[in-house]
Structure formats: structure tokens, C-alpha cells
Amino acid sequence: MFITEDIKYVGVNDHQVDLFEGQYDVPNGMAYNSYVIMDEKIAVMDTVDVNFGKEWLENIKEVLGDKKPDYLVVQHMEPDHSANIVTFLEAYPEAAVVGNAKTFVMMEQFFGPISASKVVVKDGETLSLGKHNLTFVFAPMVHWPEVMVTYDSTDKVLFSADGFGKFGALDVEEDWACEARRYYFGIVGKYGLQVQKLLKVAATLDIQTICPLHGPVLKEDLGYYINKYDIWSSYKPEDKGVLIAYASVYGNTKKAAELLAQKLEEKGCPKVAIADLAREDMHECVEDAFRYDRLVLATLTYNADVFPCMKTFIHELLERNYQGRTVGFIENGSWAPTAKRVMTNMFEKSKNITFFENSVTIKSGVNETTIEAIEKLADEIVAMDK
């Protein structure tokens with residue numbers, strides 16, 4: 001695949017993986033992207049997952065022919081991108097490895113001493129390949145401390161490491177935003193401040209193509225993708241709407257959650273999503289919680305606490321700095337409903353979280369009193385749209 005006249009794609013698709021990073025469901029697989037820049041000096045940008053070293057080297061060989069690469073640029077040391085560094089150096093022992101000081105510390109931790117020549121770069125430093133000049137921009141904690149991105153000022157290409165990535169192999173067509181959003185909030189979401197800093201640097205560059213380490217190469221309407229990252233990393237709601245996330249054992253809390261969803265739709269709420277936390281993909285639920293400006297949590301009281309999957313869900317949000325939202329509660333308890341108090345306390349240290357004045361308390365089953373409380377909560381929720 002030609003990215004530009006001089007930049008070629010040499011990455012691979014992985015349809016063997018079922019859980020990316022051991023936790024994210026990836027039904028359409030993953031792409032591990034790598035690129036070759038052809039010039040007086042030849043640079044390979046990153047490696048691929050350990051299971052695809054042979055295929056990756058074959059892709060490089062197909063592009064290079066009898067030529068040899070001069071550099072391997074390592075932007076990120078996470079094993080899905082760095083696992084084949086040693087394999088590459090065995091095939092091309094004369095190549096130098098380019099990275100920053102933290103890169104080489106991690107490299108030795110993974111592989112032991114590396115005998116290859118090393119080019120240790122500093123933030124903002126440029127490496128000339130001839131016609132192409134590569135400038136390295138450090139991006140610590142997006143989402144590891146050694147991460148850097150690379151800007152090719154000749155072809156105006158940003159090699160963005162894990163930034164602007166998404167789940168899914170490149171031989172499967174799917175909506176970018178959905179899987180990129182789930183990827184972002186799952187993997188990068190905690191580090192919004194660091195992403196904002198990187199976006200400010202990127203705004204000073206003339207970028208015409210973005211080459212991420214996962215997902216498709218982005219060339220058209222780059223403002224759309226950059227705007228999404230700006231929204232996500234500043235923790236702003238992307239859309240007006242409500243996620244109702246519930247945990248239910250015998251169906252009564254579920255009934256209340258579904259009744260609230262029905263009333264919100266009847267009252268004209270722009271978007272209502274509902275999720276059974278015990279059965280649905282937890283990370284898709286996290287994605288929707290960040291997507292919309294309102295959240296309702298519905299759970300039974302369990303061991304004077306909340307049901308385990310609800311507790312996990314809230315922790316997933318808090319780990320990712322969930323903020324700037326309005327949250328409502330539906331609690332259930334046959335003799336001592338305490339779920340609302342527990343959940344409210346969990347958000348105690350969150351930034352800019354407000355709570356709806358109305359809440360719903362179910363004592364065992366849904367009755368007329370419950371329905372009246374749901375009506376009041378629904379009215380308060382839709383009032384935010386007026």
C-alpha cells in the first residue's frame with residue numbers, strides 16, 4: 001500500500017486475537033501498522049506483534065527488494081509494536097535503532113542488551129533521510145512514558161503512534177468513530193491532559209496524512225478526527241443524550257431502567273442508550289458513558305454496597321477521569337437500600353459531576369410510587385434539552 005510516493009505500508013492484520021491487551025473484545029481483529037520511508041536513507045517505522053514477525057519481514061522485503069534499511073524508528077515500546085525489534089536486527093544487523101532515552105531503557109528491560117547502533121533523539125530533534133526530514137515530538141503518557149510521534153515535513157505525514165488508532169483489522173470495513181472511541185477511552189482515556197498537550201503541538205504542523213499504529217491511515221477530512229480527539233481528551237460530552245446503565249438480579253431494577261428509557265423517549269430526549277452491565281461489553285458501556293452528557297446508574301443494594309458489575313463500571317469511569325456530566329440514580333433494596341449513597345460517595349473526588357435532584361428508590365418491586373419517581377426523574381433529565 002502506497003501512503004505517499006516514498007512511504008509504504010508494511011503492517012499486518014491479526015484475526016487470531018480475541019482480546020486485545022487481554023481485555024478488549026475485538027471481533028474484527030486488529031491491525032499492527034508499520035511503514036517504510038524510502039529515501040537516500042531508508043527508515044522503518046515500528047515493528048509488529050510477536051506472532052507476525054515473518055509476515056512483516058516479508059512485507060518489508062517486498063518493498064525494499066535488494067536494498068537495506070538504515071534505521072528502525074521505535075515510537076512506542078508496547079509489545080504489539082516492539083516485539084520484533086530483535087527479529088528485525090537479526091535480518092538487518094547494520095541498521096541503527098532510533099529512539100529516546102526512555103525507549104532504550106525499556107528495550108533492555110524487554111530484550112536485554114541490544115548490540116545494534118543506537119541513535120538517541122531528544123524532543124524536537126530532526127533526523128534527515130535525504131529528502132525527508134523526521135522531527136520527533138515526545139508524547140509522554142500517551143499512553144506510555146517513552147512514547148514519541150514523528151513528523152515528516154516533506155510529505156506532511158504525522159506518524160502518530162497509538163494516537164488516532166482504533167480496534168479492527170484493515171481488511172474489515174466498519175465505522176471509524178465507534179471503534180476509535182472505544183479504543184481511546186479504554187486505552188488512552190486517563191491521559192486527556194497529555195493528549196491535549198500533543199494536540200497543541202500538532203496544531204502547529206501542516207499535517208495532510210496521519211499514520212497511526214492501529215487502524216486506517218487517515219487522509220480525508222482530518223479536522224473531523226482531530227476534533228473528535230479534542231472532545232474526547234478534554235472530557236466534553238460528544239452528544240446530548242443519556243446512558244442508563246443497570247445491574248439487576250430478579251428483573252425489578254431492569255424494569256425500572258427500561259421504564260425510564262421509555263419515558264425519556266416519549267418526552268423527546270435526543271438519544272437514550274440502555275445497557276445491562278452484567279451482559280454487555282463493559283468497554284462499550286464506558287464508551288457510551290463518555291459519549292453522552294447524562295448518565296443514570298440503576299442497581300440493587302448488594303452486601304450493603306452495589307452489585308459487583310456496577311462497582312466495576314463506576315471504577316472504570318473513575319480510572320479514566322470521568323467528569324463534566326450529570327448523574328442520576330435508581331436504587332433497589334428490600335430492607336435497606338443504600339446503593340445511591342454508595343454510588344454518590346464513589347464520585348466524591350470526580351471533577352464537575354452534578355447529580356439530578358430526583359432519584360428513584362425501589363423497595364423490592366416497581367409500584368405506583370416508583371413510577372411517579374421515575375416520571376419526575378425523566379422530567380428533570382429532559383429539562384436539560386430545553
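I take two strands as paired if DSSP finds at least two bridges between them. Helices (H or I, at least four residues) and strands (E, at least two) are DSSP runs, numbered from the N terminus.

**Source.** I am reading a predicted model, in which local features need pLDDT of at least 70 and side-chain atom pairs count only at pLDDT 80 or more, while totals for chains, interfaces and linings use all residues. Residues are numbered from 1 along each chain as its sequence is written, and side-chain values use heavy atoms, with hydrogens and water left out.

**Strand E13.** I looked up the pairing first. E12 (residues 133-138) runs antiparallel to E13, and five bridges join them; here leucine 134 stands opposite aspartate 152. E14 (residues 157-159) is also antiparallel to E13, with three bridges, and threonine 150 stands opposite phenylalanine 159. I note that E13 and E14 form a hairpin with four residues between them, and that lysine 156 in the turn has a positive phi of about 55°.

I then checked burial (buried: under 20% relative accessible area; exposed: over 50%; partly exposed: in between; 1.4 Å probe, protein chains only). Five of the five residues of E13 (148-152) are buried. Met148, Thr150 and Asp152 point one way, and Val149 and Tyr151 the other.

**Glutamine 75.** I find this residue in the loop between strand E8 (71-73) and helix H2 (79-82). Its relative accessible area is 1%, so glutamine 75 is buried. I looked for polar contacts (N or O atoms within 3.5 Å; within protein, one must be able to donate a hydrogen and the other to accept it, and residues adjacent in sequence count only if both atoms are side-chain atoms). The side chain of glutamine 75 makes one of 2.7 Å with the side chain of aspartate 46 and one of 2.9 Å with the side chain of threonine 150.

**Cores.** I define a nonpolar core as a set of buried Ala, Val, Leu, Ile, Met, Phe, Trp, Tyr and Cys residues joined through side-chain atoms within 4.5 Å. The largest has 95 residues, of which Phe88, Leu297 and Phe313 touch the most other members. Helix H5 (residues 176-188) gives the most to this core, with eight residues. A second, separate core of 24 residues includes Val242 and Ile330.

**Cysteines.** I find zero disulfides (cysteine sulfur atoms within 2.5 Å). For cysteine 269, the nearest cysteine sulfur is that of cysteine 285, 17 Å away. Cysteine 269 counts as buried at 8% relative accessibility.
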